[in-house]
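Dear colleague,

Please find the structure below, handed over for your review.

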Amino acid sequence: MPIKITSRRKAIATAVTLGICLIAAAVTLNISWIILNWREFWMMIVGGIFFLLIIAGMILNTIFLVREIRRNEQHDSFINAVTHELKTPITSIRLYLETLQKRNVDEEKRQQFYGIMLDDTDRLQRTVDQVLKAGYIAQKRDAQNFKPIEVEPVLRECMSLVSTRHHLPAEALHWATGPAPTEHYTVMGELEDLRTAFLNILDNAVKYSREQVDVAVDLATPSIDRLEVRVTDKGVGIQRGDLKRVFKRFYRATNPGVKGSGLGLFIVRSIAKRHGGKVTATSEGAGKGTTVTMELPRVFTT
């Protein structure tokens, strides 16, 4: 991996250096043209415009090359991350199955192995679902299946599922205001998509928390026609420069020990946009927690 990173940095440096050299050469030619043709006004103007277009093309080409190299780097990082997320549970499941096949294991140990293998299977399933969902959501634009959905019960279900998935006590994921909201908050949407978005936000909050998970969920209405779902953790936080990038496809903030595909928040953003909303992240910095806010249009049903 370090060799790949070094080679990419060299490629970027080469592309930038070549671009700068070509621009410098074009500028030199442009100045020479003006000096040689300063008496012929129209020739000077035409030549100046021509060389400006060449310079602009070189700048755009250099920017394109650098972006493509970085995009390829993100793609490779995604492949490595997904490969790890797929290979690790498969290796674990195989190890426990071989143990059960070759050794006489008592019932208590056998049940423990079954539990671990089920957890690994769930992890494998989530990774596959994330990859498939990312491609599906990116191509999905219509809103034909939208219907009124009450948000609070869906959020409550997702909180319970994430608590069970990560073996957390009930108080680890809680409502910010204490008891669950009693007001009816309704949006027009697709149930499965909204459930996916909420699960991804909550999963991220738990994964990037410290050992003591403390995640608060809140529903708020900044205006009469807007609804906000806020999920706040007290985890590792996000650097200022990463606050917008974390919603890009394949992008993962650097946090040792935290594995993932870099698709979770991209899927959340895609779902929010499809539902006429948006998603943002705020953090005071490293080690100071993060709040992810998903804003959706609110509807009122009779």
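A residue is called buried when its relative accessible area is under 20%, exposed when it is over 50%, and partly exposed in between. Asp-214, at 23% relative accessibility, therefore counts as partly exposed. Please note that the model is predicted.

Asp-214 forms a salt bridge with Lys-234, with the closest N and O atoms 3.0 Å apart. Asp-214 is placed in the loop between H5 and strand E4 (215-223), and Lys-234 in the loop between strand E5 (226-233) and H6, so this pair ties together parts that are 20 residues apart in sequence. Lys-234 is exposed, at 55% relative accessibility.

Glu-190 and Arg-274 meet through their side chains at 3.2 Å, N to O. Because Glu-190 lies in the loop between strand E3 (186-189) and H5, and Arg-274 in helix H6 (residues 264-274), the pair ties together parts that are 84 residues apart in sequence. Glu-190 is buried at 13% relative accessibility, and Arg-274 is buried at 11%.

Within helix H2 (residues 41-102), Glu-98 and Arg-94 lie four residues apart, about one turn of the helix. Their side chains form a salt bridge of 3.2 Å, N to O. Glu-98 is partly exposed at 28%, whereas Arg-94 is exposed at 57%. The count of salt bridges comes to 11.

Finally, helix H5 (residues 191-207) has 17 residues and should span 24 Å at 1.5 Å a residue; its end C-alpha atoms are 24 Å apart, which agrees. Of these 17 residues, 14 are buried, so H5 is largely enclosed by the rest of the structure.

Yours sincerely

Methods: Residues numbered from 1 in each chain as written. Predicted model: local features only at pLDDT ≥ 70, side-chain atom pairs only at ≥ 80, totals over all residues. Heavy atoms only, no water. Helix = DSSP H or I, 4+ residues; strand = E, 2+ residues; numbered from the N terminus. Expected span 1.5 Å × (residues − 1). Buried < 20%, exposed > 50% of the residue type's maximum accessible area, 1.4 Å probe, protein only. Salt bridge = Lys/Arg side-chain N within 4 Å of Asp/Glu carboxyl O.
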